[in-house]
Every structure is written in structure tokens, then in C-alpha cells.
Amino acid sequence: MKPRGGSIMRYAAPVRAAAHRFAFLLLLALAVGLIVLGKADAILVERLRSVVDDAFAPILEALASPMATVDETIADIRDLVHLRSENLRLKEDNARLHEWEQRARELTAQNQALRETLKFVPHDETRSVTARVIADSGGSFVRSLLVDAGSRDGVTKGEAAAAGEGLVGRVAEVGNLSSRVLLITDLNSRIPVMVESTRDHAILAGDNTDQPHLAYLPPNLTLSPGDRIVTASDGGAFPPGLPIGVVASTSDGVVRIQPFANWSRLEYVRIVDYGLKGILGPVDASPSSTPARGRRAAKP
């Protein structure tokens, strides 16, 4: 017994061949028929079109949903690429802004330091130069500064160094490009001073503390905290009247002076040449000249 499938294929083959042969003619005839029908009965064609649309609407809707998802995914990918490039650009802008901010802070601090330095107005100034503090050898045995101005800038030994509103020291060593300033708080510093209100003279003696003391005060002289101390012309080292500080305390017979200079914010000093050649002379401010550990300041 022969399989039935072979009989069906044998009978269907001529039909399929005929359909392939006349498919174009059938489609053409169907199109012509629809056109003729549309001209003859437009309402019937419109209803037929509606029925076909209703039949294919769910299919088109089902096909449109994945396409919309694909479009949204492509749009999201484009947004991510754009966000990545935008993020890189923002990071670069942020880095540049941080750099400018740091530069602005440095310039602000430098401007503030220079303004503080310019508060000091020298009397009868003949020449001055502003120098940056490049090293601070402040410690228990020496109080001096290294500044970036030397003989190339006209700096000479003995010239006054000021910052803010008052005197901070005098030039003790001079190199070609730098100089060392001996602070008024150093153990080796001795400066003729006077009380501004009473004009009584004394010696401001450094003892390696932030508050030097007065020596050789006149007997029975009474000082109060806040009394201003200025330079005296004794010895011809400094012109009279340069502000130094105020009386901070008078305990145990020791008069301590609080200098006007702010030691913690000393970035620039103004070196002033008054044309005086006083008897103070040069002082060796090198660490080797400092006293041995345990040595006390010489008492007046």
C-alpha cells in the first residue's frame, strides 16, 4: 500500500505550478477588480478597508511595540554617549576651575601680605625694597629671616626691616641674591627705644621669645599695658619714632613688649635704608653664633 502523502503531493503539484504561473495575472486581475469596485461602490470599499485595518491593527500594534523599544534603547545609548563626553568635558572644566581657584587664593594671600607690609610708612625714607621671606629660622636659639633681596637689590647691613605697622628687625647679613634679617626677638638683638608717651629711653632686648623685654629703664618709671614703644635715635641706628609694639605685661619687674608684627603671617618685609650708620654695626645671625643650649639671655 502506497503512502497517502505521496498521492496528495502528486495532485497538488499541478495546482501549485498553475498558481505560480498565473499568480501575477491573478494579482493584476484582483487589483483591477478592486479599482473598478472602488469606482462603482466607494462605500463598500471603505467598509472593506476598515475591516482589513481592524484585522491587521493588533498585528501592527504588536510589531510596533518592539520597534518603539528599540528606538528608545538607541536613544538611551546616544544619551549615554553624550553624557560620557559631557562628563569628561565637565571634569576638565572642573580641573581648570580648581587650578584657577588655587591661583586666585595664592594671589589673594600675596596681595593681603603686601597690603600688610605697606601699612608701615617709613619716616624720612630714602630708599626701600620689598622682599619675600624665603626661610624662617625661628626656633629656641635663633630668630632670623632669610629674604630674597641682596646686594644686587641695593640691600646693605644694618638697614631696618619692617612689616605691617612696625619694625621687625635689621639686616645682619647680605648676599648677592638674599639677606638675613635679625629679628627684634632674637637673643642678640638690642635696639634703642623710648616710650612714646613719656619719651623715656630704654633698650629693647630680645630673648628668643615672641615678646622681647625692656632693659635699662629709668628708675621709678611706671608703664601700663598698651603704652606704645618706638625707636630712639640713640646710637644713630634707627630714626626716632618707628613703631615697634606696645607694653604687654609688667609682671615681676620685667616689661614685656608685644611687637606690632604678626610673626605667624610674616611673608614680606620692607627693607628701608635711612642713610644711617649707627653704632649697632653688623651682627652675626648665623646659628653658630647662638648661645649653647641652656644659656640664658644676658640680663641688663
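This is a predicted model: local features need pLDDT of at least 70, side-chain atom pairs count only at pLDDT 80 or more; totals for chains, interfaces and linings use all residues.
## Overall make-up

The chain contains two helices and 12 strands. Starting at the N terminus, the order of elements is α-α-β-β-β-β-β-β-β-β-β-β-β-β. Helix H1 covers 4–40 and helix H2 covers 42–118.

Of the 300 residues, 29% count as buried. The accessible surface of the chain is about 19200 Å², and carbon and sulfur atoms contribute 58% of that surface. Among contacts with a separation of 6 or more, 59% are between residues 24 or more positions apart.

## The barrel

Six strands close into a barrel with antiparallel pairing, in the order E1-E2-E5-E4-E3-E12. On average, neighbouring strands of this sheet are turned by 45° against each other, direction ignored.

One of the pairings joins strand E3 (residues 160–163) to strand E4 (residues 166–174) in the antiparallel sense, over four bridges. Ala-163 has Gly-166 of E4 opposite.

## A nonpolar patch on the helices

Helices H1 and H2 each supply at least two residues of the patch, and the largest share, seven residues, comes from H2.

Phe-56 belongs to helix H2. With a relative accessible area of 48%, Phe-56 is partly exposed.

## Salt bridges

There are 11 salt bridges in the structure. In one of them, the side chains of Glu-159 and Arg-127 meet at 2.7 Å, N to O. Glu-159 sits in the loop between strand E2 (144–147) and E3, while Arg-127 is in strand E1 (residues 127–136), so this pair ties together parts that are 32 residues apart in sequence. Glu-159 is buried at 4% relative accessibility, whereas Arg-127 is partly exposed at 29%.

Arg-127 also forms a salt bridge with Asp-273, with the closest N and O atoms 3.3 Å apart. Because Asp-273 is in strand E12 (residues 268–273) and Arg-127 in strand E1, the pair ties together parts that are 146 residues apart in sequence. Asp-273 counts as buried, at 19% relative accessibility; the cut-off for buried is under 20%.

A further salt bridge links the side chains of Arg-228 and Glu-196 (2.6 Å, N to O). Arg-228 lies in strand E9 (residues 228–231) and Glu-196 in the loop between strand E6 (190–195) and strand E7 (201–205), so parts 32 residues apart in sequence are tied together. Arg-228 is partly exposed at 33%, and Glu-196 is partly exposed at 31%.

Technical notes: Residues are numbered from 1 along each chain as its sequence is written. Side-chain values use heavy atoms; hydrogens and water are left out. Two strands pair if DSSP finds at least two bridges between them. Axes are lines fitted to C-alpha atoms, for helices over the stretch in contact, and angles run from 0 to 180 degrees between N-to-C directions. Buried means under 20% relative accessible area, exposed over 50%, partly exposed in between (1.4 Å probe, protein chains only). Contact means heavy atoms within 4.5 Å. Accessible areas come from the Shrake-Rupley method with a 1.4 Å probe; for residues, only the protein chains shown count as cover. A salt bridge is a side-chain nitrogen of Lys or Arg within 4 Å of a carboxyl oxygen of Asp or Glu.
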